[in-house]
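Hi everyone, thanks for coming. I'd like to walk you through one structure today, so let's get it up on the screen.

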Amino acid sequence: MPTLSMILNGQEVTVEVEPGDLLANVLRDKLGLIGTKISCGEGECGSCTVLVDGLSVASCIYPALKAEGREVTTIEGMARDGELHPIQQAFVDATAPQCGYCIPGMIMSAKALLDENPRPTREEIKEGISGNLCRCTGYYQIIEAIELAAERMAGKGGAA
Amino acid sequence: MSTRVLGKSVPKKDAATKVRGSRKFPQDFDMDGQLHAKVVWSEYAHARVLKIDTAQAEALPGVVKVITAGDVPVNEYGIIIPDQPVLVGERDKVRGLGDRIVIVVAESEKVAEEARRLVQVEYEPLPVVSDPREAMKPDAPLVHDELGDSNVFRHIKIRKGDWEKGFAEADVVVESYYATPYVEHVYMQPDAGIGYIDDQDRVTVISSAQWPDHDLRQIAPMLDLPKEQIREIVPAIGGAFGGREDMHVQHLLALCAYCVRRPVKMVFDRSEVMITTGKRHPWYVKYRTGATNDGKLTAVEIEIISESGGYASTSAPVIEAGTSFSAGPYVVPNAKVDAYAVYTNNAVTMAMRGFGTTQSAFIYEMQMSKLAEALDMDPVELRMKNLFRDGSIGLTGHAMPQGVGIRETLRESAVAAGWKEKQGHWIRPDLGPASAPHKQRGIAVACGLKNVGYSFGSDDRATVGVELALDYSGEIERVTVLSGACDVGMGVQTVLAQMAAEALGVEYKQVRVSMVDTAKVPDSGSCSASRMVWISGNALLGACQEALGKRDEILMAETGETLVRAEHQFRGLSVRETTPYDLETGMSVPHFSYGYASQIALVEVDTETGETEILKFWAAQDVGKAVHPEMVRGQSAGGVHMGVGYALTEEYIQQEGMAKTTHLSDYCIPTVMDMPREFFSITVEVPDPTGPFGAKGVGEMTTLPTAPAIISAIHDAVGVWIDEFPATAERVWWAMQKK
Amino acid sequence: MWDEYLFPRSVDETVEMLAVHGGEARIIAGGTDLAIQSQRGRVPAKVMVDISRIPGLDQVQKRDGLVYIGALVTHAQIAASPLIRARAEVLAEACGSVGGPQIRNVGTLVGNVVNALPAADGAMALFALEAEAEVAERRGRRWTPIANLYAGVGRCTVDSCEAMITQVRFRALGVEEAGAFERLAKRRALILPILNTAVVVRLDGGKVERARIAIGPVATTPFVATEAAEGLMGRKADEASIAEAAGLASQAAEPRYSLLRGSAEYRKSMVEILVRRALTRAVAAASGEEGTNANS
C-alpha cells in the first residue's frame with residue numbers, strides 16, 4: 001500500500017492509503033479527523049472543504065495522494081492549544097451554526113478568504129462562500145460571522 | 001416582564017463543538033469490530049419481485065450476511081399505518097424506488113458496496129401510476145391492492161355555511177388551478193448510523209431522528225421485542241426539516257444488529273438520500289374564491305389532490321393540517337373543501353417544513369393576490385380587511401385562541417417595506433427604477449399561519465426532567481435538563497437551557513442539556529409541528545417548579561441531600577381542547593396554538609430571459625416570545641431560504657416513477673448568491689398565554705409566505721401568474737410569451 | 001477507483017509513462033471531474049498519471065504577442081491573473097464563472113478542454129479567442145486549433161491515455177479589440193450553464209474588422225456561429241448590426257430538449273439574448289467606452 005506524507009495541521013504525518021482513496025476519506029477514516037464532513041460526494045456543496053497549501057479544495061473529490069508533500073489544514077487545525085480561532089469564535093458569537101454540518105467547510109472557506117483578503121467587502125465574502133451550501137441558516141449570519149472575524153482580526157494587525 | 005436569560009442571544013450550547021468540528025454526527029462514530037451495511041434498492045417504481053438471488057453476494061469474501069425479508073420477524077412498519085415492508089421478498093411488490101430488497105452486511109464498506117452489485121433481482125414490471133389525478137380514476141392500477149379498491153386513502157370534507165349563496169353574493173370570483181412541485185429536504189447530513197447490542201442486551205441505534213420514542217414503537221414490533229429492549233441515541237442531527245420524522249436507517253440498523261449481533265454501520269450516499277427518502281407532497285388544486293367589491297371574502301370552493309407516493313407515511317395528517325388552513329388566516333363564512341390523499345408510484349412523500357400548510361399558503365395567498373388585482377385593491381389592504389383577530393371564526397368553525405398576531409406581522413413588514421397607511425387605506429411604495437432597461441421591478445406580500453403542536457384531538461404531550469445538583473447550602477450549582485427533544489439545528493437545547501436558567505434563577509452557563517438517549521431521558525415527542533418550544537418548554541417549566549418545591553422540602557427538612565430530580569409531563573389538551581374533523585361537515589377545533597408570519601418580496605425580473613432576482617425581502621414572524629432573538633432570526637432566514645428554492649430553483653424531477661434528479665448537482669438549492677440581496681427579519685411578540693413565557697414556535701411558519709410572496713411579486717413586475725412552480729426563468733419566459 | 005498513482009517530473013516522462021502502460025494509464029490534472037467519473041465507474045484506466053508536479057506548466061505568460069497558459073493553470077489563477085484580465089478578459093470572466101472557489105482552485109483550464117463538454121465555460125472563451133493547444137505525444141509536439149480537439153460530447157481527439165496537452169495559446173487582444181462572456185444558469189453559483197457564449201470583436205474606426213462567436217451547449221461540441229460573425233464584418237458596430245448577428249446566431253444554433261436544462265425553443269431564443277448582450281459589451285469595451293483590453 002502506498003503512503004501519503006503531508007504536513008497536516010502543522011505536523012508531519014505519514015499514513016498508508018489505497019491508491020484510489022480520496023482525501024476526505026483518509027482524513028476521516030484513517031486519521032480520525034471527523035470534522036471534515038461528507039455531504040454530496042461530488043465536490044458540489046463545500047461541506048468537505050479543507051485547505052491545501054492555503055487554497056480551499058473539495059476534499060471528497062481530491063485524490064489523497066495528490067496531497068503528497070503539501071500543507072493540509074482541516075477544521076481541527078484551527079484552534080490553538082484548545083482556544084478557538086477568531087473565525088470560530090466569531091461564528092459562535094454571531095449565532096451562525098444551526099445544525100452545524102456545513103460549518104467546518106464554511107470556516108475553512110472563510111479562512112482561505114481572509115488569509116488572502118483580510119478586509120473583504122460583503123460581496124467578496126459571498127463570493128468566498130459561494131461554493132458552500134447551507135440548508136439551515138439562509139447564510140446571513142454566516143456572512144456576519146465572517147465580517148465580525150475580519151473586523152476582529154484586522155484589529156489585531158492581520159489574519160492569524 | 002423583564003428577564004435575565006430569556007430574550008438574550010446567548011452562545012448556543014452546541015456552538016463550540018460545531019465550530020470545532022468535534023461534534024459527532026452519526027456517520028462520525030466507529031465501534032470496535034463494526035461491520036458495514038448497504039441496501040439493495042428497488043430498481044422499479046412498481047413491480048412484483050419474482051426472484052432474489054443472493055448466492056454470489058454471499059460468496060464474496062468479507063460478506064457476513066445478506067439479510068432478506070425472511071429474516072425480519074415482523075416485516076412491516078410505518079409512522080402511522082404499517083403499510084411499508086422493511087424488506088420486499090419474493091412474490092411481494094415494490095411500490096417505489098425507496099423500497100428495499102435486501103441488506104448486505106460485510107467486513108468493510110468496500111466489500112458491502114461490491115456485494116450489493118452482485119445481488120440479482122428479477123422483477124415483473126407492473127403498470128406505473130405517476131399522476132395522482134390518474135390514480136384517482138376507477139380503472140387506475142392499484143398501488144396497495146391489499147388495502148382496498150382505491151388509491152384514495154383519505155378524504156376530508158369541509159362544508160361550512162352556504163357556499164353557493166356565498167358565490168352568488170360575490171362581485172368577483174377568482175378561479176385557478178395550481179400544481180405544487182415535489183421538493184427535497186436536502187439536509188446536509190446524509191442519513192447514517194450504527195446499530196449494536198448494548199451491554200444490557202438492548203438493540204441500540206445511534207442515528208439522527210426527530211422522534212426517537214416513535215422509532216422505538218415501530219422497531220420493537222418489527223423485531224417482536226418489548227419496547228424497553230430497544231434504545232436510540234441521537235448525538236447530533238445535520239438538519240431535518242421533517243425529513244427525519246419517518247425512519248430511513250434506524251430500523252435497518254436495528255435489524256442488522258439483531259441479525260448479526262455485532263455493531264453495523266450504514267451511511268447513505270447523497271444519491272440514496274435523493275432517490276429513496278421522503279419528499280414534500282405535491283398538490284393539485286382547483287380553487288375558487290368569491291369576494292365583494294369592498295374586499296370581503298364570501299366563499300371558497302377548494303379541491304386538493306395530495307400525492308402520497310407508494311406509502312401513506314404522514315400523508316393523512318398532512319392533508320388534515322393543510323386542509324384546515326386552506327382558506328388561510330382569513331375569515332371565510334362559507335366554504336366547500338374536498339381534500340384527497342392518493343397513492344402513486346412516485347417518490348414517497350413525507351413531512352416537510354410546513355406539513356401541508358406550506359402548500360396551503362401558496363394556494364390561498366396566490367388567490368388573495370389575484371383577488372387584489374381583480375378588485376384593483378392594494379394587497380395589504382385587502383388582507384387587512386379579512387385577517388383573523390383573537391376570537392375570529394376559522395375555516396372549521398372554531399374561534400381563534402388568544403394571541404393572534406397576524407395583523408401585527410403584516411403591518412410591521414408592510415411599513416418596513418415602505419407601505420403607508422392612511423385612514424384604513426394602504427398605499428404601496430414607489431419601487432424606484434429598475435437596474436436596467438430590460439428589467440422590471442415588482443413587490444408583493446403574503447401571509448401565513450401554522451399550527452404549533454399536534455392536532456385534531458391528538459394527545460400531544462412531552463415529558464421533561466430536571467436534575468439539580470445542590471451545594472452544601474442548598475444553592476443550585478448545576479442543572480441538567482433531561483429531554484428527548486432532538487435538536488435538529490434550530491436550537492431547542494439552547495432554548496430549554498435558557499428557560500431552565502430563567503425559571504430556576506441560575507446562570508445560563510450552569511445549565512447543561514443531556515444528549516438524547518431513550519434509555520436516559522423521557523419522551524418529549526417529535527421535533528416537528530414547531531412544537532418543541534411550546535410543549536417541551538411547558539413540560540420543562542412544570543419540572544422546574546416541582547424541582548424547586550422538592551428543593552425547598554429538602555432544605556426545610558435539612559436532610560442534606562444534594563441531588564433533586566423532577567419530571568413533568570405536559571399535555572397540550574390540558575390547556576386547550578382540540579377535536580377531530582366531523583366526517584360530514586369538517587367542523588373541528590383543530591389546533592392548540594398558532595404562529596403567524598407575513599413576508600414581502602421586492603424582485604426584479606429580466607424580461608428577456610425570465611430570470612428573477614430578489615433585491616429585498618422582509619420577513620415578520622410572531623413567535624409569542626423570542627427566547628433567543630438571533631436564533632429566531634436564523635429560523636426566519638432559513639425558512640426563507642427554503643421558500644426561495646421552492647419558488648424559483650428547486651425541482652425534483654421524475655418520469656414514470658423514475659428519479660431523474662439523482663445528484664445534488666442536479667437539484668438546485670439556493671446558494672448564498674441566490675438569496676435576497678438584503679434581508680430584514682422582524683420579530684413580533686404577541687404572547688400566547690398558554691405558551692412558556694408566552695412563546696409559540698417558529699420553525700415552520702417562516703417558510704410559508706415566501707413562495708407566494710415571490711411569485712406574486714413576479715406578477716407585479718411582469719404581469720404573469722405562475723400557477724405551476726418553481727418559477728424558473730423558462731417558466732416565466734413562457735408565461736410572458738403567452739401573454 | 002484506480003490502482004496506482006504516479007507523479008512524472010517532466011512532459012517527456014509523462015508521455016513515456018503513458019506509453020509504457022499501454023492504455024491502462026491516463027493523465028490527471030486537478031481531477032475534479034475524474035474523481036467523480038471514476039466513482040461512477042466511467043474511467044477504465046487503472047493508473048493515474050498526476051502531472052501537477054511537472055515544473056513550468058503553471059505559468060501564464062505573454063511572448064511575441066501571444067498569451068501562453070500552461071496545463072496546470074487553474075480557473076482561479078486565470079480569473080485573478082492581471083495579464084489575462086488585461087489582454088483577454090473574456091477568458092477571466094469565463095473561468096471565474098465555473099463552479100465555486102473550491103472547484104476553481106483545483107480545476108485546470110486545459111483539463112476543462114480535455115473533458116470536451118460542449119458547455120465548458122473556459123473552453124468557450126478559448127474558442128472565441130481562436131486558441132491553439134500544444135499536444136505532446138511520443139512522436140513529438142505539435143500545435144493544433146482548439147476546435148480540432150473536440151470529437152463529440154466528452155470525447156477529446158487527444159487521448160489522455162496516450163498524449164497530453166501541455167499548454168494553450170492565443171493572440172493577446174490588442175487595441176480596439178475586446179471580448180465578453182455571458183452565461184445563463186439555474187442558479188447563480190455552483191452550477192453548469194443552461195447556455196453560455198463567448199465573443200471577441202476587433203474594431204477599426206467603429207466598423208467590425210473581425211468577430212468570433214462561440215456558443216454552448218447547442219451542439220455536441222462548442223458551436224462557432226460563423227455566419228453570424230461574418231455578417232458583422234465590415235459593418236458599423238451598432239445596435240442594428242449586433243441584433244442581426246444575434247438573430248443569425250440563434251437561427252444557426254440547434255439546442256435539443258434537455259430534461260434538466262430546458263426546452264430547445266427557450267434555449268434557442270436565449271442564444272439571441274446572450275449573444276446580443278455579449279456583443280454589445282464587447283463592442284463597448286473595444287470602443288473604449290468601458291475601459292479596454294488594450295493596455296499592455
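Let's begin in chain C, where five strands make an open sheet in the order 4-5-10-6-7, with antiparallel pairing. Please keep in mind throughout that this is a predicted model.

Which strands stand at the edges of this sheet? They are strand 4 (60-63) and strand 7 (140-145) of chain C, and each has a single partner strand, so one side of each is left without a neighbour in the sheet. On average, neighbouring strands here are turned by 25 degrees against each other, if you ignore direction.

Let's stay with strand 4 of chain C for a moment. Four bridges connect strand 4 to strand 5 (residues 66-70) of chain C, and the two run antiparallel. If you'd like a pair to find on the screen, look for V60(C), which sits opposite I69(C) in strand 5 of chain C.

And what packs on the sheet? That is helix 1 (residues 11-21) of chain C, which touches strand 6 (132-137) and strand 10 (164-171) of chain C. The direction of this helix makes about 135 degrees with that of strand 10 of chain C.

Now over to chain A, for a pair of helices. The axes of helix 3 (residues 103-116) and helix 5 (residues 140-155) of chain A come within 11 Å and cross at roughly 40 degrees. Angles under 35 degrees would count as roughly parallel; helix 3 and helix 5 of chain A are therefore oblique to each other. The crossing of these two helices of chain A is right-handed.

Who makes the contact? From helix 3 of chain A we have M106(A), A110(A) and L114(A), and from helix 5 of chain A come I142(A), I146(A), A149(A), A150(A) and M153(A). By class, that is eight nonpolar residues, with no polar and no charged ones.

Finally, the chain-to-chain contacts. Between chains B and A, 45 residues of chain B are in contact with 37 residues of chain A. On the chain B side, helix 1 (15-20) and helix 15 (629-649) each supply at least two residues, and helix 15 of chain B gives the most, with seven. This side of chain B has 22 nonpolar, 13 polar and ten charged residues.

Chain C meets chain B as well: 14 residues of chain C are in contact with 14 residues of chain B. Helix 11 (residues 264-286) of chain C provides the largest share of the chain C side, three residues. That side of chain C divides into nine nonpolar, two polar and three charged residues.

Definitions and conventions
Residues numbered from 1 in each chain as written. Chains lettered and ligands numbered in written order. Predicted model: local features only at pLDDT ≥ 70, side-chain atom pairs only at ≥ 80, totals over all residues. Contact = placed C-beta atoms within 7 Å. Nonpolar A, V, L, I, M, F, W, Y, C, P; charged D, E, K, R; others polar. Axes fitted to C-alpha atoms, helices over the stretch in contact; angles between N-to-C directions. Parallel < 35°, antiparallel > 145°, perpendicular 65-115°, else oblique. Left-handed = near helix turned anticlockwise from the far one by under 90°. Pairing = 2+ DSSP bridges.
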